[in-house]
Amino acid sequence: MKLLLGLVLCVALVCARQAPSLTREGPGVRIIGGNDAVVGQFPFIAALNIQTEDSTFFCGGALISNEWVLTSAHCTQGAHTVTIRLGSNKLTGSDPNRVILASSHVVVHPDFDPDTSANDVGLIRLRLPVEFTDYIQPIRLAGSHLPNSASPTALGWGQTSDEDPEFANDLQFVALAVVSNEECAVTYGKQITNNILCVDGNYNEGTCYGDSGSPLVVRMVGGSALQHVGISSFFSGNGCESTDPSGYTRTWPYVDWIRNETGM
């Protein structure tokens with residue numbers, strides 16, 4: 001699942017050294033090289049069907065309370081309504097654990113820049129609070145800056161290859177490594193700021209179309225709980241299966257903004 005930003009941020013940002021453009025995965029990005037998640041493994045994951053004035057597209061997100069979902073700004077910008085599906089790893093087919101909810105409203109970070117993917121953070125408020133179950137639980141937000149030595153996990157339903165336009169029906173996850181911002185800037189140039197987190201796999205693992213807005217998570221030291229450390233924002237214009245890093249918005253710099261907006 002080569003990291004694609006939540007919407008197709010197909011804004012061709014051409015950097016120095018003929019750097020590849022950043023592609024937002026917006027209307028759907030999927031994980032390349034991932035594995036099927038088991039039932040209840042990631043109970044915070046949210047599947048989002050987003051309706052704007054003239055289009056419908058898919059993104060991922062993460063439940064952070066009984067009323068709010070965290071996703072990317074490019075997934076929420078211009079959204080009129082959002083249908084949120086929680087509790088299930090499958091996009092289609094029956095699942096007794098699935099809950100389908102409507103949105104009340106969306107919040108886009110006021111400093112979001114669609115041209116550079118800066119501040120690519122968005123929130124969706126549920127029309128009614130959701131009841132927690134074994135399959136529906138919120139995830140904790142990052143408590144500190146993620147070190148380059150971390151081993152995060154990417155999640156999503158996006159495409160699993162450049163050739164296959166279909167999204168994965170089963171939630172995918174893949175272990176990735178953090179790429180330093182200095183190294184990532186060699187590929188993408190000055191768009192890589194301190195608030196962006198780049199990741200890559202051993203081969204071509206990463207995000208793709210349909211993964212936009214989906215969470216990057218890491219296991220807390222000394223425990224079993226997961227923390228939300230990144231929001232899928234963009235992938236390389238060279239394709240999901242290229243070996244270029246995937247880009248996420250770091251969660252930690254926005255925790256205060258998220259708490260102010262949600263009252264958490």
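The following dialogue examines how several structural terms apply to this predicted model.

Trainee: What makes up the secondary structure of the chain?

Mentor: The chain holds three helices and 17 strands. Of its 264 residues, 57% count as buried. Among contacts with a separation of 6 or more, 72% are between residues 24 or more positions apart.

Trainee: Why is the link between C59 and C75 called a disulfide?

Mentor: The criterion is a pair of cysteine sulfur atoms within 2.5 Å. For C59 and C75 the S to S distance is 2.0 Å, so the pair meets the cut-off of 2.5 Å. A search of the whole structure finds two disulfides.

Trainee: Where in the chain do C59 and C75 lie?

Mentor: C59 belongs to strand β5, residues 56-63, and C75 to helix α1, residues 73-76. The two cysteines are 16 residues apart, and the pair links distant parts of the chain.

Trainee: Why is the disulfide of C59 and C75 described as left-handed?

Mentor: The torsion about its S-S bond is about -85°, so the disulfide is left-handed.

Trainee: How do you know whether C59 and C75 are buried or exposed?

Mentor: Buried means under 20% relative accessible area. C59 has a relative accessible area of 0%, and C75 likewise has 0%. Both values fall under 20%, and therefore C59 and C75 are buried.

Trainee: What makes C184 and C198 a disulfide?

Mentor: Their sulfur atoms are 2.0 Å apart, which is within the cut-off of 2.5 Å. C184 and C198 are buried.

Trainee: Why is L216 called buried?

Mentor: L216, in strand β15, has a relative accessible area of 0%. The cut-off for the term is under 20%, so L216 is buried.

Trainee: Which residues does L216 contact, leaving aside its neighbours within four places in sequence?

Mentor: The partners of L216, with those neighbours left aside, include P152, L197, V199, H228, V229 and Y248. The C-alpha atoms of L216 and T249 are separated by 9.4 Å, and these residues are 33 residues apart along the chain.

Trainee: What makes up the largest nonpolar core?

Mentor: This core has 26 residues, and those with the most contacts inside it are F44, I64, L70, L123 and I258. The elements giving two or more residues to this core are β4 (45-51), β5, β6 (68-71), β16 and α3 (255-262). Helix α3 gives the most, with three residues. Beyond its neighbours within four places in sequence, I64 is in contact with L70, L123, P138, I139, L141, I258 and M264. Another core, of 17 residues, lies apart from the largest one; among its members are I84, L101, L126 and V130.

Trainee: How many residues line the largest pocket, and which are the closest to its centre?

Mentor: The largest pocket contains about 200 Å³ of space. It is lined by 13 residues, of which L146, P147, V218, V221 and Q227 are the closest to its centre. Strands β15 (215-219) and β16 (226-236) are the elements that give two or more residues to the lining.

Note on methods. Residues are numbered from 1 along each chain as its sequence is written. This is a predicted model: local features need pLDDT of at least 70, side-chain atom pairs count only at pLDDT 80 or more; totals for chains, interfaces and linings use all residues. Side-chain values use heavy atoms; hydrogens and water are left out. On a 1 Å grid over the protein atoms alone, a cavity is a set of points where a 1.4 Å probe fits but cannot get out, and a pocket is an open set with protein on both sides within 12 Å along at least five of seven lines; lining residues have an atom within 4 Å of a point. Grid points are joined across faces, edges and corners, and a volume is the space filled by probe spheres set on the points. Helices (H or I, at least four residues) and strands (E, at least two) are DSSP runs, numbered from the N terminus. Buried means under 20% relative accessible area, exposed over 50%, partly exposed in between (1.4 Å probe, protein chains only). Contact means heavy atoms within 4.5 Å. A nonpolar core is a set of buried Ala, Val, Leu, Ile, Met, Phe, Trp, Tyr and Cys residues joined through side-chain atoms within 4.5 Å.
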